[in-house]
Amino acid sequence: PPPEFGSEIRTDFIAAMGRLEDVFVIILNVDHVLSIQELAALRRLSEREEAAHAGPETDV
């Protein structure tokens with residue numbers, strides 16, 4: 001489980017913490033990392049990128 005850092009650091013987006021060999025690993029809870037508004041904005045940006053790179057369709 002995530003450790004208590006005190007009131008200055010938010011830990012609600014951390015699912016777990018640990019070590020993998022010599023590396024410190026933090027597993028994030030993706031449902032809490034971004035707000036609903038931020039997720040919606042990212043989705044809109046992604047859809048615009050896909051549309052910009054799709055190009056015109058051609059029949060073969």
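In the predicted model, strand 1 and strand 2 form a hairpin in which two residues lie between the strands, and Glu-21 in this turn has a positive phi of about 60°. Strand 1 (residues 14–20) runs antiparallel to strand 2, to which it is joined by six bridges, and within this pairing Arg-19 stands opposite Phe-24 of strand 2.

A nonpolar patch is formed on the surface by Phe-24, Ile-26, Leu-28 and Val-33, which together present about 340 Å² of accessible area. Strand 2 (residues 23–28) supplies the largest share of this patch, namely three residues. Leu-28, which is found in strand 2, has a relative accessible area of 42% and is therefore classed as partly exposed.

Considered as a whole, the protein has an accessible surface of about 5800 Å², of which carbon and sulfur atoms account for 56%, while 2% of its 60 residues count as buried. Among the contacts between residues at least 6 apart in sequence, 0% join residues at least 24 apart.

The pLDDT of the protein averages 79, with 75% of the residues scoring at least 70. Confidence is highest in helix 2 (residues 36–54), at a mean of 88, and lowest in helix 1 (residues 30–33), where the mean is 76. Where pLDDT is low, the predicted coordinates should not be read in detail.

Key
Residues numbered from 1 in each chain as written. Predicted model: local features only at pLDDT ≥ 70, side-chain atom pairs only at ≥ 80, totals over all residues. Heavy atoms only, no water. Patch = residues over 30% accessible without salt bridge, like charges linked within 9 Å, V, L, I, M, F, W, Y side chains within 5 Å. Areas by Shrake-Rupley, 256 points an atom, 1.4 Å probe, with all protein chains shown as cover. Salt bridge = Lys/Arg side-chain N within 4 Å of Asp/Glu carboxyl O. Helix = DSSP H or I, 4+ residues; strand = E, 2+ residues; numbered from the N terminus. Buried < 20%, exposed > 50% of the residue type's maximum accessible area, 1.4 Å probe, protein only. pLDDT = per-residue confidence, 0-100. Pairing = 2+ DSSP bridges. Contact = heavy atoms within 4.5 Å.
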